[in-house]
Structures are given as structure tokens and as C-alpha cells.
Amino acid sequence: NILVVTFTKAAAMEMQERFRTKMQGANVPCTFGTFHSIFFWILRRAYGYTGNQIVSEEEKRKILTELVQKMELEYEDEEEFIQNLIGEITLVKSEYMPIEHYYSTTCGEAEFRQLYQSYQERIQSEGKLDFDDMLVYCYELLEQRPDIRALWQQKYPYILIDEFQDINRVQYETVKLLAQPKNHLFVVGDDDQSIYGFRGARPDIMKQFLADYKNAQICKLGVN
């Protein structure tokens, strides 16, 4: 009944191994995974997605390059331009932001919105989703389907999140849905160590957490 979530596969595996060592071989069911692996698992159970439907970073780069060339946009360095677009698309999705409210720093507003919409239409027409979509689709599924949400809430009434300072908006909103109604959440983080700002990490969500969960207890770890 315990779900442990972190940001990298290596960290999840290390935590799992530490847990098994402490349990001294006892079979204690506890699920460890990354946000993407857990959310994709939920989507697979609901929609039947397979790994073949995930857009790789190479595919994403190729699709955006084709769209940029088709629109005949001007830029100095194509690789840097595409990388900036990828970062902005991730930011829009991680903030769960309406595209009309986002103002691009990579290209004109109209051009970015056209690129974003063309990219989404392209992968959706192929029945695919990218890593950012995993987060958005999982949030929408749980938000719109109380029956499915209740199943996962019953399965995991206890949730632990590591490196909480690196969480983004859509991850946080999804976790809040999963934790209801008992709200047994245990989060560990240090807002001075946030490293994923380029993909929408919001260290200020740690402060938001205390506002959202007013009865939360704080345990400060002052010694390493």
C-alpha cells in the first residue's frame, strides 16, 4: 500500500535496494518508480498504451525539425533553436498551461503556437504520446474519472516523494488527486538543491505544500 516516487530510474532502484536490505529478504510489497513510470503504468491500465507509442527524444527532435523547416522560420543555430522549442513545449505541459497564455522566447507567439499545435496533432494522429504527455494525460484521467481515481487511491493510501524540490505543477496536482481523501503524503526535499528548472521544476511548491496541507508536520534534517 506504499508508493515511493522519485525522478530518475537509478534513484528509484537504489531506494528499492536499500528497502529490501532493511527488510532482510522479507516480502513486503512496496512500489518504487519514477513519476513517468508510475503515471505511464496508470495510463497503460486505463488505455492500453504500449512502450512503442512513446515518442523518443530523437523522434521529437525530428518532427519539430521538419515542422520548423516547413514553416521556413529564421534562426542562427538549428540545433539550439530546436532544443529551446523542446524546452518550451515541456514547460507549457508541465505547468498545464493553455497555449494561448504562453509567450515564447524562442520565436514569435503565433509561430510557437502553430508549431506546438502541429506537433501535438502529428503525434496524436499516430496514436503516440511524449514523456510530457504522460504527466498531462494521467492528471486528466484521474481528474475526469472519479472511478479510476478511487481505484488508485485505494491501492496506494500512502505516498512518499523524494527530491520534492524538483516537482512540477502537473506532477503535484496529480499527486494531490492520488493522495485524496486521507492525504497520507510524506515528501522529502531541499529547495536549495533544485536542478530541473529547465523542465518546469518549481521549488516554491514546497511552500505551497504547507499551505495546501495545513496540518503537515515538518522534520528538519540539519545533519548529513
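Two strands count as paired if DSSP finds at least two bridges between them, while strands themselves are DSSP runs of E with at least two residues and helices are runs of H or I with at least four, numbered from the N terminus. With these terms in hand, Tyr158 is found to stand opposite His184 in β4. The model is a predicted one, in which local features need pLDDT of at least 70 and side-chain atom pairs count only at pLDDT 80 or more, whereas totals for chains, interfaces and linings use all residues. Residues are numbered from 1 along each chain as its sequence is written, and side-chain values use heavy atoms, with hydrogens and water left out.

β3 and β4 run parallel and are joined by four bridges. They belong to an open sheet of four strands, ordered β2-β1-β3-β4 with parallel pairing. β2 and β4 (184–187) are at the edges with a single partner strand each, so one side of each has no neighbour in the sheet. On average, neighbouring strands of this sheet are turned by 20° against each other, direction ignored; here axes are lines fitted to C-alpha atoms, for helices over the stretch in contact, and angles run from 0 to 180 degrees between N-to-C directions.

Helix α2 lies across β1, β2 and β3, running at about 105° to β2. It has 13 residues and reaches 18 Å from its first C-alpha to its last, close to the expected 18 Å, the expected span being 1.5 Å times one less than the number of residues. Among its buried residues are Phe35, Ile38 and Leu43, where buried means under 20% relative accessible area, exposed over 50%, and partly exposed in between (1.4 Å probe, protein chains only). The buried residues of α2 pack against β1, β2, α6, α7, β3 and α8, with contact meaning heavy atoms within 4.5 Å. Just after α2, Gly48 takes a positive phi of about 75°.

What does the largest nonpolar core contain? It has 37 residues, and Phe35, Ile42 and Leu43 are among those with the most contacts inside it. A nonpolar core is a set of buried Ala, Val, Leu, Ile, Met, Phe, Trp, Tyr and Cys residues joined through side-chain atoms within 4.5 Å. A second, separate core of 20 residues includes Val68, Ile89, Phe112 and Tyr119.

Phe112 sits in helix α5 (residues 109–125) and is buried, with a relative accessible area of 1%. Leaving aside neighbours within four places in sequence, its contacts include Leu85, Ile89, Val92 and Tyr102. Phe112 and Ile89 are 23 residues apart along the chain, and their C-alpha atoms are separated by 9.1 Å.
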